[in-house]
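Subject: Structure for your files, with notes

Hello,

Here is the structure I promised to send. My notes on what was found follow below it.

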Amino acid sequence: MIKMDNQLKLEAPWTEVKELIKEVIPELTDKDLEYEEGKENELLQRIADKTNRSVEHVKAWVESISSNSGKAS
């Protein structure tokens with residue numbers, strides 16, 4: 001079994017990234033987007049489950065939001 005490194009590499013604060021995510025996907029709740037250091041896998045899995053995307057896709061998307069300085073897409 002290959003263990004994936006799902007540690008998020010964020011350039012913006014999580015609170016900012018979380019609000020941008022909620023603008024794009026309003027059905028995600030604060031509980032869905034609850035971030036706890038060391039539990040990135042659980043966060044990414046919750047978002048993936050709610051959006052029917054892969055964890056890898058969600059991770060890349062979240063990181064891209066963080067690096068785009070406030071431009072969610």
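A salt bridge here is a side-chain nitrogen of Lys or Arg within 4 Å of a carboxyl oxygen of Asp or Glu. The side chains of Lys50 and Asp32 meet that criterion, at 3.3 Å from N to O. This pair links distant parts of the chain, with Lys50 in helix H2 and Asp32 in the loop between H1 and H2, 18 residues apart. Helices are DSSP runs of H or I with at least four residues, strands are runs of E with at least two, and both are numbered from the N terminus.

Two remarks on conventions. This is a predicted model, in which local features need pLDDT of at least 70 and side-chain atom pairs count only at pLDDT 80 or more, while totals for chains, interfaces and linings use all residues. Residues are numbered from 1 along each chain as its sequence is written, and side-chain values use heavy atoms, with hydrogens and water left out.

Overall layout

The protein has 3 helices and 0 strands, and reads α-α-α along the sequence. Of its 73 residues, 36% count as buried; buried means under 20% relative accessible area, exposed means over 50%, and partly exposed is in between, with a 1.4 Å probe and protein chains only. The accessible surface comes to about 5000 Å², and carbon and sulfur atoms account for 48% of that. Those areas come from the Shrake-Rupley method with a 1.4 Å probe, and for residues only the protein chains shown count as cover. Contact means heavy atoms within 4.5 Å. Among contacts between residues at least 6 apart in sequence, 55% join residues at least 24 apart.

Nonpolar core

A nonpolar core is a set of buried Ala, Val, Leu, Ile, Met, Phe, Trp, Tyr and Cys residues joined through side-chain atoms within 4.5 Å. The largest one has 18 residues, and Trp14, Val17, Ile21, Ile47 and Val62 have the most contacts inside it. Helix H1 (14-24), helix H2 (40-51) and helix H3 (55-67) each give two or more residues to this core. H3 supplies the largest share, 5 residues. In soluble globular proteins, nonpolar side chains tend to be buried together. Leaving out residues up to four places away in sequence, Ile47 touches Leu28, Leu33, Val58 and Val62.

Leu8

Leu8 lies in the segment before H1. Its relative accessibility is 9%, so Leu8 counts as buried. Beyond four places in sequence, Leu8 touches Tyr35, Glu40, Leu43, Leu44, Lys59, Val62 and Glu63. From Leu8 to Glu63 the C-alpha distance is 6.9 Å, although the two are 55 residues apart in sequence.

Aromatic pair

Searching the whole structure gives 1 aromatic pair. The partners are Trp14 and Tyr35, with 5.6 Å between centres and 35° between planes, which makes the pair tilted. For reference, rings of Phe, Tyr and Trp (its six-membered ring) pair if their centres lie within 6.5 Å; planes under 30 degrees apart count as stacked, over 60 as edge-to-face and the rest as tilted. Trp14 is buried, at 14% relative accessible area, whereas Tyr35 is partly exposed, at 31%.

Salt bridges

The structure holds 6 salt bridges.

Lys18 and Asp30 form another salt bridge, at 3.7 Å from N to O. Lys18 lies in helix H1 and Asp30 in the loop between H1 and H2, so this pair ties together parts that are 12 residues apart in sequence. Lys18 counts as buried at 18% relative accessibility, and Asp30 as partly exposed at 43%. Apart from residues up to four places away in sequence, Lys18 touches Asp30 and Leu33.

Glu63 and Lys59 also form a salt bridge, with the closest N and O atoms 3.8 Å apart. Because Glu63 and Lys59 are 4 residues apart in helix H3, about one helical turn separates them. Both Glu63 and Lys59 are buried. Through shared partners, salt bridges join Lys18, Glu19, Lys22 and Asp30 into one network.

Regards
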